[in-house]
Number of protein chains: 2
Amino acid sequence: MRLAELSERSGVSTATIKYYLREGLLPPGERVTATQAEYGTEHLRRLRLVRALIQVGRVPVATAREVLRAVDEESGQFERLGAAVFALPHGPEPDERDPVTSRAHGHARELLELLGWEAEPTTPPHRMLVSSLAALLRLGYPCEPRRLLAYGRAAEEIAEVDIGLMAEGFEPGTTQLEAAVALTVLYEPVLLALRRIAHFEESRRRFEGGHGGAGRGPDGAAG
Amino acid sequence: MRLAELSERSGVSTATIKYYLREGLLPPGERVTATQAEYGTEHLRRLRLVRALIQVGRVPVATAREVLRAVDEESGQFERLGAAVFALPHGPEPDERDPVTSRAHGHARELLELLGWEAEPTTPPHRMLVSSLAALLRLGYPCEPRRLLAYGRAAEEIAEVDIGLMAEGFEPGTTQLEAAVALTVLYEPVLLALRRIAHFEESRRRFEGGHGGAGRGPDGAAG
């Protein structure tokens, strides 16, 4: 397909597509004349992933380029999975000079041991865990490993569904790496929204003594 | 305690505390002389919550003020819980003119029905769910309600732990509303980090055939 059709089918303007091409986020099409190129469905899929990263995940362009480079690299599936997902933003790095951070490392280690996970303590998601535990410790909020075990078990259940989805739920042609990056970026807000809704379900049960009944939602106070 | 001690015990500079006082994020201390005021442990706790919102949760100052106003309001516990948590940022609003959004509303409704939740379809977390489902639909990624059921069940388990923590896990004097806001803002990155780590645990099991063994983590590719 030509640029105009790629734009129409993807819903991304031709100007934006040209920008992504210049920035190396989208591989060049196959040149057919001096001024025209031909694009395939792999361009359509890649464009979708770029939009997921930049528009939905609010990942900076330079970071998106790094993620996509890892997706395209010639190496083992598992290493590329790591490189692609690890290139995503993971929040602030733990401050290793702060003594609270070493307590957070201890908590993280103990939690992963309780869960029976073999995770390396040096990966970006692990550092993200340590820095969020350090924030809790620093502010004096509870984060004992035993209390967080339910979080880990829930994460395990979700990961099982996610990896199953990655293996078979995506449209034919989507590589597992594209699916992995999309899963990380696009499904996180779904999980956070459901947790916030579940908080209301659970507190309604506890504080209102049973069901609140239809029309008695907490939204009356939302203003 | 005086301002200097409040600063020392909270780890927040006196300049920042004065800024929070001016912005109405912290209630004024009890005036003891024309130039000095006395602060109590409730100021220390409030300061902690303000830091959680602004520094960790990256909530804008104006939004933090709205959240704290809701925390302090004189109304029912349950309504205030709604107002406080609903004032937090919830990501982009769903675009109701887009036909994809009505499909997302349908998916959200069906998912909550499957879960047996009574959530109102007008609350901010519900709109957050709809807009994240719309992003998935728009990009052609799978989000059938049955596939997302595991996310909902996991959210339920987490919410049960969270509300239990809210009721008893926080230090004496912390109101349930302060705890609810802190839980939402500070524990979300913990959950996301654990999900990302769990992805690697699960894919190691699937793609590498059993355990990778110590020292064979995915971090080799992290660069």
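R97(B) is exposed, with a relative accessible area of 75%, where exposed means over 50%, buried under 20% and partly exposed in between (1.4 Å probe, protein chains only). Its salt-bridge partner is D95(B), the closest N and O atoms being 3.2 Å apart; a salt bridge here is a side-chain nitrogen of Lys or Arg within 4 Å of a carboxyl oxygen of Asp or Glu. D95(B) is partly exposed, at a relative accessible area of 31%.

The model is predicted, so local features need pLDDT of at least 70 and side-chain atom pairs count only at pLDDT 80 or more, while totals for chains, interfaces and linings use all residues. Residues are numbered from 1 along each chain as its sequence is written, chains are lettered from A and ligands numbered from 1 in the order in which they are written, and side-chain values use heavy atoms, with hydrogens and water left out.

We turn next to the way the two chains are arranged. Two copies of a chain are related by a rotation about an axis and a shift along it. Here, chain B is superposed on chain A by a rotation of 180° with 0.0 Å of shift along the axis, at an RMSD of 0.0 Å (least squares on the C-alpha atoms of residues with pLDDT of at least 70 in both copies). The two copies are thus related as by a two-fold rotation axis. The same surface serves both of them, as 100% of the contact residues of chain B recur in chain A; contact means heavy atoms within 4.5 Å. Of the residues of chain B, A154(B) comes closest to the rotation axis, with its C-alpha at 2.4 Å.

The interface can be described in numbers. Chain B contributes 94 residues to the contact and chain A contributes 95 residues. Between them the chains bury about 9,300 Å², with 71% of this on carbon and sulfur atoms; buried area is the accessible area (1.4 Å probe) that two parts lose on being put together, summed over both. Across the interface there are 20 residue pairs in polar contact, both residues being at pLDDT 80 or more. A polar contact is a pair of N or O atoms within 3.5 Å; within protein, one must be able to donate a hydrogen and the other to accept it, and residues adjacent in sequence count only if both atoms are side-chain atoms. On the side of chain B that touches chain A, the elements giving two or more residues are α3, α5 (77–86), α6 (99–115), α7 (124–138), α8 (145–168) and α9 (176–207) of chain B. Helices (H or I, at least four residues) and strands (E, at least two) are DSSP runs, numbered from the N terminus. With 25 residues, α9(B) gives the most to this side. By class, the side of chain B that touches chain A has 54 nonpolar, 19 polar and 21 charged residues; Ala, Val, Leu, Ile, Met, Phe, Trp, Tyr, Cys and Pro count as nonpolar, Asp, Glu, Lys and Arg as charged, and the others, Gly among them, as polar.

Salt bridges come next. The whole structure holds 22 of them over all chains, and the count between chain B and chain A is six. In one, E188(A) pairs with R196(B), the closest N and O atoms being 2.9 Å apart. This pair crosses between chains, from helix α9 of chain A to helix α9 of chain B. E188(A) is buried at 9% relative accessibility, and R196(B) is buried at 6%. Beyond four places in sequence, E188(A) touches L183(A), L192(B), R195(B) and R196(B). A network of salt bridges links D162(A), E188(A), R195(B) and R196(B). E188(B) forms a salt bridge with R195(A), at 3.9 Å between the closest N and O atoms, and both residues are buried. R195(A) also has D162(B) as a salt-bridge partner, at 3.0 Å between the closest N and O atoms.

Two further arginines of chain B complete the picture. R48(B) is placed in helix α3 (residues 41–56) and counts as buried, at 16% relative accessibility. Not counting residues up to four places away in sequence, R48(B) touches L139(A), G140(A), Y141(A), E171(B) and T174(B). R2(B) lies in the segment before α1 (3–10) of chain B and counts as partly exposed, at 36% relative accessibility. Leaving aside neighbours within four places in sequence, R2(B) is in contact with V32(B), Q36(B), A37(B), E38(B) and Y39(B). With E38(B), the side chain of R2(B) makes a side-chain polar contact of 3.1 Å.
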